[in-house]
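Me: Please go through the contacts in this structure with me, one question at a time.

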Amino acid sequence: MNILSLILIIFASLFFTGIIIRTKSFFSGRKGPGIFQPLKDIWRLFRKGAVYSQTSSFIFQVAPSIYFASVLMAIFLIPFGNQPGIISFNGDFIFFAYALALGRFFIIISALDTGSSFEGMGASREALYSLLVEPAFFILMGSFALLTGNTSFYEIFSLLHFGSYTSYAVGALAALVLVIIALIENSRMPVDDPKTHLELTMVHEVMILDNSGFDLGLILYATNLKFAMYGTLIANFFLTPGNEWYYSIIIFAVTQTTFAVTVGAVESFMARFRMNHNPQYIFVITSISLLIFLGVLLLLGKII
Amino acid sequence: MGIILSIIIVTLCSAILVGLVKEAWKSNVALVAVLVNGVLSTCIAVPVLLNVPFDYSFYAGNVFGQIPVRVDSLSGWFILLMNFTILTGILYGRLYMKHYENQSANLSLHFASYIIIHFAMIGIYCVQNSFAFLCVWEMMAITSFILIIFEYHKMETLKAGINYLIQSHISIMFMTIGFVWVNSYTGSFDFNAVNEYTTSVSPSISFVLFLVFFIAFAIKAGFVPFHTWLPYAHPAAPSHVSGVMSGVIIKLGIYGILRTLLLINGDYLTTGYFIIVVSVITGVYGVMLAIIQHNIKKLLAYHSIENIGIIGIGIGLGCIGLGLNNSYLAFAGFAGAMLHTLNHSLFKSLLFYCAGTVYQATHTLEIEQLGGLIKRMPHTATLFLIAALAICGLPPFNGFISEFLIYSGLFRGIADGELSSTTFLVVCVLGLVIIGGMAMLCFTKAFGIIFLGTERHHQNATIEETSVSGLTPKYLIAVMIVLIGVIPQFFVTVVSRPASLFTGSSIIEYKPLEIIDTLSFISISAIGLILLSAIIFWTKKIASARAHVVEAPTWGCGYVAPTARQQYTANSFVRSFRKLVHGLLMMNKNENEMIGVFPNAVHSETHPYDKMEKTFIDVPLKHLKGFMGVFRFLQNGNPQFYILYGVVFIFLILTLPYLMNIILFLNELLKQI
């Protein structure tokens with residue numbers, strides 16, 4: 001049954017971007033494409049030929065595969081309620097973060113491999129933002145390690161009991177942090193605008209300007225997977241043990257949909273920040289996670 | 001005894017032999033000597049790690065007295081990791097030095113120093129007599145100075161060398177103070193006297209003694225603010241020496257700190273907090289400066305400082321674990337620190353060797369002038385990439401394993417900690433994460449700008465990959481890097497022996513099992529990651545086998561005539577980061593103004609400088625110079641005056657007892673009145 005989370009994440013990833021796009025078209029008063037349109041695009045890319053830059057080397061060829069593999073590896077570690085992920089061990093969330101970082105490293109150097117100034121710019125921004133995001137995730141996990149006395153995804157989530165009001169506040173804040181992390185990691189509004197037409201203002205999209213065909217398909221589908229992965233992490237806060245798995249799946253579906261709709265709503269109503277304001281914004285989530293840490297200390301009665 | 005004697009004889013004979021043979025043979029003599037000494041010292045180290053103690057003491061004349069040669073598993077571990085890097089260093093150095101074959105005397109000195117420094121380091125790890133220890137340490141300091149100043153005709157190299165020589169002697173001075181302190185109370189030069197002395201005094205006094213030793217070893221290891229010699233010495237030295245220096249020689253400082261911790265009996269909690277604070281600052285500051293460097297060897301030197309910080313976090317965590325009686329914490333901390341020492345010696349030496357290869361091919365170390373080397377030197381590029389991934393702590397390479405150990409210790413400490421230690425450890429996690437993120441920024445920059453894109457500057461020389469014999473030592477290291485990343489269980493089992501020296505041997509029976517268990521999962525995940533990547537790449541190959549694949553210029557967003565100069569540069573890659581932390585950095589800008597409607601040509605230069613160096617070295621030195629300037633009139637160049645000073649000095653020394661008596665007498669007289 002350990003494979004349940006993988007199946008669910010892959011299932012959720014099929015709908016995720018579709019729901020975002022539908023939400024956006026709903027708010028802008030359009031009919032919008034079908035919910036499976038993003039998937040159809042990816043499927044078409046998988047069967048297409050490719051154009052490789054003359055400047056690029058083998059790095060450019062292998063990077064998308066490694067990026068995709070790293071995302072898959074990270075997904076293998078995600079538990080589902082009281083079911084552990086495919087692999088689960090003490091400190092697996094460290095491996096989770098570092099596996100994702102490996103993928104990011106390769107995407108960054110593959111952008112530099114093309115020798116394009118635009119892609120270099122995107123690479124520089126991606127490296128900076130990921131550096132700023134990571135502390136928030138680690139402090140978040142540290143807080144929950146303190147709260148539950150355990151250091152693996154599975155144990156943390158299966159022992160998370162929501163009792164007092166403070167714990168609800170902590171849970172809500174944690175969900176908020178994860179939503180923002182997911183938005184930054186997937187380069188969505190308000191940090192990056194995936195639909196802009198000006199390369200100078202992009203982060204992630206400009207890095208993959210030169211990717212085409214199968215590679216581009218892999219990168220785009222990895223984005224879907226990453227969304228579903230973070231959605232599952234968030235859902236895990238609400239899947240309390242004791243609930244039967246069929247309840248859990250409904251909670252999971254509701255959480256993922258809410259998450260997707262939120263992303264769509266954010267993109268419809270917010271403008272992208274100025275590039276030099278992004279670091280401040282990203283730092284905010286580190287301070288929120290510090291707040292969570294303080295909340296946990298309060299919960300455990302260590303400070304009063 | 002036989003082994004020690006043979007090591008001494010081999011060193012002496014080969015050091016002399018190097019001077020006698022032809023130029024082409026010097027390196028081979030050095031190689032054989034290092035190989036023999038390495039095998040002999042491994043013969044000491046391996047049984048020790050298998051729990052057969054090596055304890056011997058020999059009489060070395062009236063001056064030294066009995067010198068105890070005691071090798072425990074800590075020394076054994078360090079001897080093994082040193083031998084590996086020293087060996088790859090000489091394998092690579094042989095080729096590197098081929099470019100200087102006309103300088104016969106210089107080469108003799110260089111290779112003889114290389115043999116002697118290996119011997120001196122074996123000595124440092126083995127002897128446990130403070131007097132003998134200082135002697136071998138001095139031997140190491142002098143020979144490493146000679147190794148650094150190989151290109152002595154360059155002013156910069158000489159300056160860097162002298163800077164190093166002075167700072168390493170300040171380190172020796174602190175060490176001497178520490179040993180003399182202990183000796184004056186116990187009358188013994190044996191290391192065990194330190195232990196006896198500190199058990200008899202209060203914890204605060206033993207903490208001060210620890211501080212003295214810590215400063216001594218911190219200068220060697222490069223903890224901030226004692227790091228200033230590193231960024232000068234590493235670029236100045238030939239590449240194999242920089243690799244060995246960063247990989248092994250600065251680790252002597254780490255060994256010293258660990259040894260001191262074993263010997264000094266004090267308050268582990270305070271010590272741990274102190275070490276962690278220094279280490280987090282060291283790590284963050286080191287990598288921050290590394291990012292803004294555009295000289296590749298200087299960049300790598302600052303990364304050594306960063307990694308020393310990570311090792312320090314491990315050591316500090318271990319101490320906190322001992323203070324809190326939390327054996328898991330202590331084990332994770334010390335094992336992580338020691339494993340990271342090995343890991344750093346591997347990937348850092350590999351990075352320096354690759355940098356050396358790049359330098360010999362292109363004759364420049366400036367990142368901004370390079371680019372597109374991956375097409376000319378694919379092997380070197382791949383090796384550099386592996387080392388870069390490892391130094392960023394990414395799986396499935398070795399850096400991840402040691403950082404994982406430290407992280408898991410930190411998180412376990414948070415999970416079952418007290419308020420004060422928990423808050424503290426969260427700050428450490430924050431530091432470690434930021435260090436990791438910045439390392440990634442730095443190495444995507446270094447690798448991306450040096451090896452990817454197209455040539456940023458026209459190179460006159462034809463750039464070619466080095467020969468197979470130049471690549472062999474590098475691939476050897478790369479294999480080790482991957483091995484540690486893929487089967488960490490084995491290496492952590494080995495390192496658990498020296499770590500148990502700190503945590504007590506009871507722990508080794510059952511506790512590490514838990515870590516080994518976790519590591520076997522990491523091993524599976526690492527292999528899984530590699531396999532997954534391979535499968536996906538293979539799928540792609542099959543899926544697009546029949547697809548139409550073409551090559552075209554890079555998409556220039558509509559612009560069709562891009563040049564190499566339009567590529568992103570190292571400076572622009574880190575610009576937004578630099579702007580973010582500009583308060584902590586120091587950029588010396590040299591720029592002339594643009595004048596007129598049709599402006600003239602403008603030249604602009606930026607040089608990053610070290611703010612800590614400015615505050616802790618330059619400013620005090622300036623004041624010291626000013627103060628000393630007052631006495632400049634004494635230095636007037638007349639021999640007569642100098643003779644007079646001598647006479648006055650001798651007179652004062654001779655009459656000192658009389659003067660004392662007179663003063664005492666006057667004092668008495670005054671009292672009577």
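Questions and answers on chain contacts, strand pairing and helix packing follow.

Reply: This is a predicted model in which local features need pLDDT of at least 70, side-chain atom pairs count only at pLDDT 80 or more, and totals for chains, interfaces and linings use all residues. Residues are numbered from 1 along each chain as its sequence is written, while chains are lettered from A and ligands numbered from 1 in the order in which they are written.

Me: Which element gives the most to the side of chain B that touches chain A?
Reply: Chain B puts 65 residues into the contact and chain A puts in 68 residues, where contact means C-beta atoms, placed from the backbone, within 7 Å. Elements of chain B giving two or more residues include helix 18 (398-415), helix 22 (506-543) and strand 3 (549-552); helices (H or I, at least four residues) and strands (E, at least two) are DSSP runs, numbered from the N terminus. With 14 residues, the largest share comes from helix 19 of chain B.

Me: What is the bridge partner of A:Tyr52 in strand 3 of chain B?
Reply: Strand 1 (residues 50-53) of chain A pairs with strand 3 of chain B in the parallel sense, over four bridges; pairing requires at least two DSSP bridges. In strand 3 of chain B, A:Tyr52 is partnered by B:Glu551.

Me: At roughly what angle do the axes of helix 7 and helix 9 of chain B cross?
Reply: Axes are lines fitted to C-alpha atoms, for helices over the stretch in contact, with angles from 0 to 180 degrees between N-to-C directions. Helix 7 (residues 155-186) and helix 9 (residues 203-221) of chain B have axes that come within 8 Å. Helix 7 of chain B is therefore roughly antiparallel to helix 9 of chain B, a term for angles over 145 degrees. The crossing angle is roughly 155 degrees.

Me: Which residue of strand 2 of chain B stands opposite B:Ser57?
Reply: Strand 1 (residues 54-59) and strand 2 of chain B run antiparallel, joined by six bridges. Opposite B:Ser57 stands B:Pro68.

Conventions:
Contact = placed C-beta atoms within 7 Å. Parallel < 35°, antiparallel > 145°, perpendicular 65-115°, else oblique.
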